[in-house]
Amino acid sequence: MASVSRVRSAHEILDWGRSMADPALRAAVERLPPTPRRIAGYHMGWCDVRGQPAESAGGKALRPTLCLLAASGFAAGPRAALRAAVAVEFVHGFSLLHDDVMDGDTRRRHRPAAWTVFGAGHAILAGDALLSAAFGELADSDDERATSGGRALSAAVHELVDGRSLDLHFEQRDDVTLAECRRMATAKTGALLGCACALGALFAGAQPPQVKQLRAFGERLGLAFQLVDDLLGIWGDPQITGKPVHSDLTSRKKSLPVVAALRSDTPAGAQFARLYGRSDELSKAELADAAALIERAGARVWAEAQATDQLARALEHLHAAALAEPAAGELVELAHLVTSRDS
């Protein structure tokens with residue numbers, strides 16, 4: 001159970017999750033070979049490029065916090081899921097290190113992406129090391145549920161990779177459907193969030209139906225989160241996102257709002273399709289025009305409504321899982337924060 005009876009704010013919850021997971025994450029990174037250890041430390045925001053301690057903005061620690069908070073709703077409590085929380089954060093780190101290389105993104109969390117300072121090859125290998133370490137964390141847990149937890153994490157990684165592969169394929173296609181795009185987003189983002197919640201419940205002694213409901217909660221939350229992230233990828237404030245404005249349009253992403261506009265059967269959608277289908281690089285003014293056309297096609301309002309709907313569906317699954325309080329209420333708080341367009 002959580003150590004306090006009141007429902008904390010979402011920011012307090014993330015601070016709690018980060019502070020609880022951080023020592024275990026650091027200890028696990030210290031067990032990596034020297035070069036991936038330094039790159040992982042830099043990626044996590046713990047050190048500078050020379051490996052010297054530094055205070056840099058790391059991630060929100062959303063996935064380990066979801067894992068620990070889900071565990072808080074059951075008898076064994078969050079410490080039973082600590083290694084699982086480390087594992088899901090390592091898988092997330094692996095995916096980000098690889099994503100930045102594949103997308104050519106030069107900024108991550110308001111500073112140079114790891115591959116730009118260590119080289120693409122070293123960043124990829126550091127991601128590989130984190131992925132291997134994730135499964136090592138579960139194997140070393142000495143818990144009878146480690147085997148089933150490892151299977152669940154492996155399945156989530158396979159889904160994540162499949163979703164990311166679809167994402168790359170879509171950049172070369174002009175006929176992507178909304179159904180395909182939704183499947184891609186659910187796999188790319190929802191699979192790991194669902195796994196984080198399921199592993200927390202599993203290691204804390206939840207019953208199989210509860211584990212299933214929490215996985216569904218995380219998957220739905222992941223889709224809502226991806227919809228919001230897609231909106232921020234077009235209209236987000238660089239001070240919040242850490243990436244340039246219109247970044248997803250610059251890289252010709254087939255995100256959910258983009259595909260909704262392309263499939264809108266509107267004059268604005270047709271004009272956007274002609275602009276987006278060009279092979280040359282779009283100017284800043286043209287990127288702004290593209291964003292405006294997406295909005296005129298109704299895709300921005302559609303994506304916002306879809307995010308709201310997916311959040312509501314996620315909360316239905318959370319309610320069905322019947323977690324103890326305050327964990328249930330705190331998962332609601334966290335879900336609202338991560339699907340906020342201002343977070």
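These legends walk you through several close-up views of the structure above.

The model is predicted, so local features need pLDDT of at least 70 and side-chain atom pairs count only at pLDDT 80 or more, while totals for chains, interfaces and linings use all residues. Residues are numbered from 1 along each chain as its sequence is written, and side-chain values use heavy atoms, with hydrogens and water left out.

View 1. The structure holds one cavity of 30 Å³ or more, and the volume of the largest cavity is about 50 Å³. Its lining consists of Tyr42, His43, Arg108, Arg109, Arg111, Pro112, Ala113 and Ala114. Helix H2 (34–44) and strand S2 (111–112) are the elements that give two or more residues to this lining. By residue type, the lining has four nonpolar, one polar and three charged members. Here Ala, Val, Leu, Ile, Met, Phe, Trp, Tyr, Cys and Pro count as nonpolar, Asp, Glu, Lys and Arg as charged, and the others, Gly among them, as polar. A cavity is a set of points on a 1 Å grid over the protein atoms alone where a 1.4 Å probe fits but cannot get out, and lining residues have an atom within 4 Å of a point. Points are joined across faces, edges and corners, and the volume is the space filled by probe spheres set on them. Helices (H or I, at least four residues) and strands (E, at least two) are DSSP runs, numbered from the N terminus.

**View 2. Arg252, a buried charge.** Look for Arg252 in the loop between helix H11 (247–250) and helix H12 (256–262). Arg252 is buried yet has no salt bridge, and the nearest side chain of opposite charge, Asp280, is 4.9 Å away. Lys and Arg count as positive and Asp and Glu as negative, with His and the chain ends not counted. A salt bridge needs a side-chain nitrogen of Lys or Arg within 4 Å of a carboxyl oxygen of Asp or Glu. Buried means under 20% relative accessible area, exposed over 50%, and partly exposed in between (1.4 Å probe, protein chains only). A polar atom of the Arg252 side chain lies 3.1 Å from the backbone oxygen of Tyr276 and one lies 2.7 Å from that of Arg278.

**View 3. Ser95 in helix H4.** Ser95 belongs to helix H4 (residues 82–103). Ser95 counts as buried because its relative accessibility is 9%. The backbone oxygen of His92 is 2.7 Å from a polar atom of the Ser95 side chain.

View 4. Asp15 and Arg18 join their side chains in a salt bridge (3.1 Å, N to O). Both residues lie in helix H1 (residues 10–30), three residues apart, about one turn of the helix. Asp15 is partly exposed at 44% relative accessible area, and Arg18 is partly exposed at 32%.

View 5. In the salt bridge between Arg183 and Asp162, the closest N and O atoms are 2.9 Å apart. This pair links distant parts of the chain, with Arg183 in helix H8 (residues 178–203) and Asp162 in helix H7, 21 residues apart. Glu180 also forms a salt bridge with Arg173, at 3.0 Å between the closest N and O atoms. A network of salt bridges links Asp99, Asp103, Arg164, Asp167, Glu171, Lys188 and Lys253. The count for the structure comes to 23 salt bridges.

Definitions and conventions. On a 1 Å grid over the protein atoms alone, a cavity is a set of points where a 1.4 Å probe fits but cannot get out, and a pocket is an open set with protein on both sides within 12 Å along at least five of seven lines; lining residues have an atom within 4 Å of a point. A polar contact is a pair of N or O atoms within 3.5 Å; within protein, one must be able to donate a hydrogen and the other to accept it, and residues adjacent in sequence count only if both atoms are side-chain atoms.
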